[in-house]
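Reader: I am new to protein models and would like to learn how to read one. Could you take me through it, feature by feature?

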Amino acid sequence: MTLTKLRKILDKISQCVKDNAVFIRKITESDNQNKFFTKTQEIYDLTNELYYLVPQQGFSSITKIRPINDEESIKAWRTKILDIKNLEVINRILAGSQLEPSTTHPLQYIYNSLNCEITRLEKNDLLAQYLIRGMHSAAPHVPISAIYRLNNHSPVPARKGEKQLLYHGITTGPCSAS
């Protein structure tokens, strides 16, 4: 199965749905009725092919499948395909991290694969103070042993005016050492 094939099938379904939207407006003409039914059958066939390539949980031979015949369903399937692609990348990175565990820690391999750098922030750092204040207001009883900054040196620039500040607690593992 290739993701390219899935995308092409989905693109064909999308085009059929758009064509049917045009035909349905003038359904009273017999030529448009025939075109509508032909495109609908093509949607059913392509939907079958898609379900064959990406089996669904709980699907059996007697289960009635819902055709992918509207933009919302197409959008949901595009998201599924993107998720499959992301899982494929993650799987390859994790498999690579197990190649030489004696020379490179798996987490270090993953950070290097993602072109990321992890550094520890000092408690007097302005960002660290901001995070500590936020964490203490959210959960005052949780001790903070260390704060780490994850820098992604990706060539993709951040969108203008859009910033994210994420934090979470780590209680075990190599990142929790003080």
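This is a predicted model: local features need pLDDT of at least 70, side-chain atom pairs count only at pLDDT 80 or more; totals for chains, interfaces and linings use all residues.

Reader: How do H1 and H2 cross, and at what angle?

Author: Helices (H or I, at least four residues) and strands (E, at least two) are DSSP runs numbered from the N terminus, and axes are lines fitted to C-alpha atoms, for helices over the stretch in contact, with angles from 0 to 180 degrees between N-to-C directions. Here the axes of H1 (residues 3–25) and H2 (residues 30–53) come within 9 Å and cross at roughly 160 degrees. Angles over 145 degrees count as roughly antiparallel, and H1 and H2 are therefore roughly antiparallel to each other.

Reader: Which residues of H1 and H2 meet?

Author: Contact means heavy atoms within 4.5 Å. Among the residues that meet are Leu6, Ile13 and Phe23 in H1, and Phe36, Ile43 and Leu50 in H2.

Reader: What is the largest nonpolar core, and which residues have the most contacts inside it?

Author: In soluble globular proteins, nonpolar side chains tend to be buried together. A nonpolar core is a set of buried Ala, Val, Leu, Ile, Met, Phe, Trp, Tyr and Cys residues joined through side-chain atoms within 4.5 Å, where buried means under 20% relative accessible area, exposed over 50% and partly exposed in between (1.4 Å probe, protein chains only). The largest such core has 17 residues, and Leu6, Ile13, Leu50 and Trp77 have the most contacts inside it. H1, H2 and H3 each supply at least two residues of this core, and H1 gives the most, with seven.

Reader: Is serine 73 buried or exposed?

Author: Serine 73 lies in helix H3 (residues 71–97), and it counts as buried because its relative accessibility is 13%. Not counting residues up to four places away in sequence, serine 73 touches Arg66 and Ile68.

Reader: Where is threonine 119 found, and what does it touch?

Author: Threonine 119 is found in strand S1 (residues 116–121) and is partly exposed, with a relative accessible area of 27%. With residues up to four places away in sequence not counted, threonine 119 touches Ile147, Tyr148, Arg149 and Asn151.

Methods:
Residues are numbered from 1 along each chain as its sequence is written. Side-chain values use heavy atoms; hydrogens and water are left out. Angles under 35 degrees count as roughly parallel, over 145 as roughly antiparallel, 65 to 115 as roughly perpendicular and the rest as oblique.
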